[in-house]
Structures are given as structure tokens and as C-alpha cells.
Amino acid sequence: MAKRRPLFVSRPYLPPLTEVLPLLEEIWDSRQLSNNGPMAQRFEAAIGQYLGVDHVSLVANASLGLVLALMQHGVADGEVITTPFSFVATGHAIRWAGATPVFADIDPQTLNLDPAQVERQITAQTRAILPVHTFGTPCDVVGLEAIAKRHNIPLIYDAAHAFGIRDGAQSILAHGDMSVLSFHATKVFNTFEGGAVIARSREAKLAIDRLCNFGIVDETQVVSIGLNAKMSEFNAAIGLAQLPHVDAAIAARAAIARRYAKHFKDIAGVHCVCMPNGSGKNYYAFPILLTDAYHEDRDALNARLKTHDIFARRYFYPLISDFPMYRDLPSANPARLSIAKRVTSQILCLPIFPELGRDDQMEVIDLVCAR
Ligand code: T4K
């Protein structure tokens, strides 16, 4: 098979165009392009059924979904405790919702927020906790829930990476007060751009739906200062066409993850963060940590891969707390984020996507394993 160059960290899965066109014809016929039309309603029901959750609100992207979820929990002028080891959208959403992020350190195994560190950061100003299921690895939902309950603080999960993740028998999205998924092009399941907010009750879902549509209740009533965060009919149609293929796409990712894990098992200094261990995972990313036992540092390996036109990515480097708009916050002090600091200097996400060919992957593996 011809090698694919450049080789990027991710490449979107797309359904056959022939399966999309009939859905687009329906949109063309109806002339309903947005505002919770028939395609969005069908997709909302289908995605809820697939994920095993009841109260789904489609949104234009996860960033807006996070803002809506935080707004709904009244965080404005308060503090929201979150992880510094995430995509910058996590921090920005807190700011757009009118609150100040407070960073807490992460667990060295899961790379997710450490509940003990979260509890140390709780003050009278804390309005919510916003953990991330980083790379689809479930947070310590039990520990976080106990803290949230004890202090009566809402728990909102950034589940941008967590499509289809299960925690035992149930969806990981069943935890916390709300969870927010991303359906961005780079994700396990994509609608080009898109996302969803998962709520615990019908009332909470309706509140998000209203916030998503300017706060409108009906033609004469507007009850909140909402946004326009609606998913269009086009994106919903893509979602409907993608859904029948997502299990196969995840299975293809799993095979790729297994091959990486097998080859890296005995390589000194290469630690696989998400060891493939069965169902309930989605293999969104394949992050490795390069420790001192490896013969070069993370940036040197990344540069070496680039000379072969292979573009791995340092997700997440820099830490959110190191960006200029956050680094002066007291909680951004690197001395208090020692695990996150170490992880951000060691992390590298290798290419993983359903259509990654064996030869291409073997070249990545050989380059990582080469001395
Ligand atoms: N919370 C967390 C924890 C997140 O990770 C994210 C997003 C969010 C919230 C916010 O979700 P959204 O509002 O986006 O729904 C990418 C994505 O844009 C972003 O969605 C994602 N996380 C983040 C981890 O990765 P970049 O700036 O690294 O993307 P970019 O354009 O460099 O793409 C990465 C690679 O993917 C490219 O090298 C090539 C490939 N690619 C990308 C796109 C967009 C394609 O092959 N086709 C494409 O259409 O942020």
C-alpha cells in the first residue's frame, strides 16, 4: 500500500457519500436548515440511544456546549476548578462563562484531575468543578462526586474525548451534573463541527436548549441571555450518516492501539498512557510519555518524526495555565502543578485514525523504537 504523506496525528472518518446524499436531499426539499429541524431531532434521538443517555442537547461545538453548561450552573463571577492539562478550550469556556479558572494538579496515571488536589482548591468562591476525561480515560468519578456532594458544588465533565466511553455497564456520561461531548473533525465521532450537552433531567436539558437558542421560550418570551450554539441540519445529517459506522471505526482504532502497545511494551522510556484493555474505550488518541530512560527527549523524537513527514502532536503542551491569559493566576504557579508540568514535557500523541495503514504505522513504530 502506498504510504500516506504527510501523516497527521488524526484524519477524520467519513461515511460513504452515497449515504449522505439522501439526507442532504431531504434538507434541500424541506428548506429547514437550522433551528432544531427534523434532522437535528432525529440525530438527537439516535445519539441518545447509541450512547445510552436520555437528555441530549445538540450544540455547534463542545466549546459552546461547555459555556452553556457552566452558564446554566451560575458560575459567573466565581471560580471553577479545572485541569491545566487539557485543550485550551476548557479554560476559555470558563472565562466565557464569566468565571475564573482555578487549576489543580493531575493524577500521574490517568492524567486526569486528582480529586485530592481539587478538594484543596475549594473556597467560598467555587461555583463548579470541570474535570476532563482526558484522551477518553475516565476520571475518578467516585472521588470527584464525593467532593462535589460534600461541598454542594456542581460537577460538569468536559467529555470532549469521551464518546462511547463506559464505566462498567453504564456510560461515563451518566456521571456528574452535565457532560459535554465534541463531534469535531478530529474526534472519534464527527459531524465536521458539533457536540452535545448531556443533562441529568428533562428540565436541565430544556434549559440548555433555551440557552442554545438565545434564551428564547417562544415568540414573545426570552428568559435568559443565551447564545446561538445550535447545530445545523447539515451537521446533524452528517451525524446520522456517521452513526452506523462508528463501531467499526472504533474497532479499527483498537487494532492500531494494540499494535502500538505490543511494539512499545519492552522499549525503555516509552510509557503508553492508554493501554488497550477491552471494551468501553474509544482509542481517540495514542499518547505516550517519554521518560528519562528513553534515549532522547520528547521534542527530539517529535522533530525526528517530522523529518519523515509524520506529524505527531504534543497534546497537551503548553499547559493551559502557561498561556498568557492564565499564567498570572495564583493557581497557575508551576510549583503547585508538578505532575502536570512533568507530563506536558513528556507527552506525545502518535497518529491514530481508522484508515491508518499498517505500513504507515510500522514506520512510526520503527522510528520510535530506533536507537
Ligand atoms: N475540550 C477538550 C478536552 C478538547 O480537546 C477540545 C477540542 C474541546 C474541549 C473543544 O471542542 P470543540 O469546540 O472543538 O468541539 C484540535 C481540534 O480542533 C479540537 O477540537 C481538539 N479538542 C484538539 C485536541 O485538537 P488543533 O488546533 O490541534 O487541530 P488541528 O487543526 O491542528 O488538527 C490536528 C490534525 O488533525 C491536523 O494536523 C490534521 C488533522 N485534521 C484536522 C482537521 C480539522 C484533518 O485531517 N482534517 C480536519 O478537518 O485542535
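A salt bridge here is a side-chain nitrogen of Lys or Arg within 4 Å of a carboxyl oxygen of Asp or Glu. By this rule the count comes to eleven salt bridges. The model is predicted, so local features need pLDDT of at least 70 and side-chain atom pairs count only at pLDDT 80 or more, while totals for chains, interfaces and linings use all residues. Residues are numbered from 1 along each chain as its sequence is written, and side-chain values use heavy atoms, with hydrogens and water left out.

**View 1. E363 and R5 form a salt bridge.** The N to O distance is 2.4 Å. E363 sits in helix α12 (residues 358-369) and R5 in the segment before β1 (7-8), so the contact ties together parts that are 358 residues apart in sequence. Helices (H or I, at least four residues) and strands (E, at least two) are DSSP runs, numbered from the N terminus. Is each partner buried or exposed, or something in between? Buried means under 20% relative accessible area, exposed over 50%, and partly exposed in between (1.4 Å probe, protein chains only). E363 is buried, at 17% relative accessibility. R5 is partly exposed, with a relative accessible area of 27%.

**View 2. D299 pairs with R298.** Their side chains meet in a salt bridge at 2.6 Å, N to O. R298 is buried, at 3% relative accessibility. D299 is partly exposed, at 36%.

**View 3. D322 and K341 meet in a salt bridge.** The N to O distance is 2.6 Å. This pair links distant parts of the chain, 19 residues apart. D322 lies in the loop between β15 (310-311) and α11 (338-346), and K341 in helix α11. D322 is partly exposed, with a relative accessible area of 24%. K341 is also partly exposed, at 30% relative accessibility.

**View 4. R5, D360 and E363 belong to one network.** Salt bridges that share partners join these residues.

**View 5. Three strands make an open sheet.** The order is β4-β3-β5, and the pairing is parallel. Two strands pair if DSSP finds at least two bridges between them. Which strands lie at the edges? They are β4 (100-103) and β5 (126-130), and each pairs on one side only. From one strand to the next, the twist averages 30 degrees. Axes for such angles are lines fitted to C-alpha atoms, for helices over the stretch in contact, and angles run from 0 to 180 degrees between N-to-C directions.

**View 6. Strand β3 runs parallel to β5.** Four bridges join β3 (residues 79-82) to β5. V80 has A128 as its bridge partner in β5.
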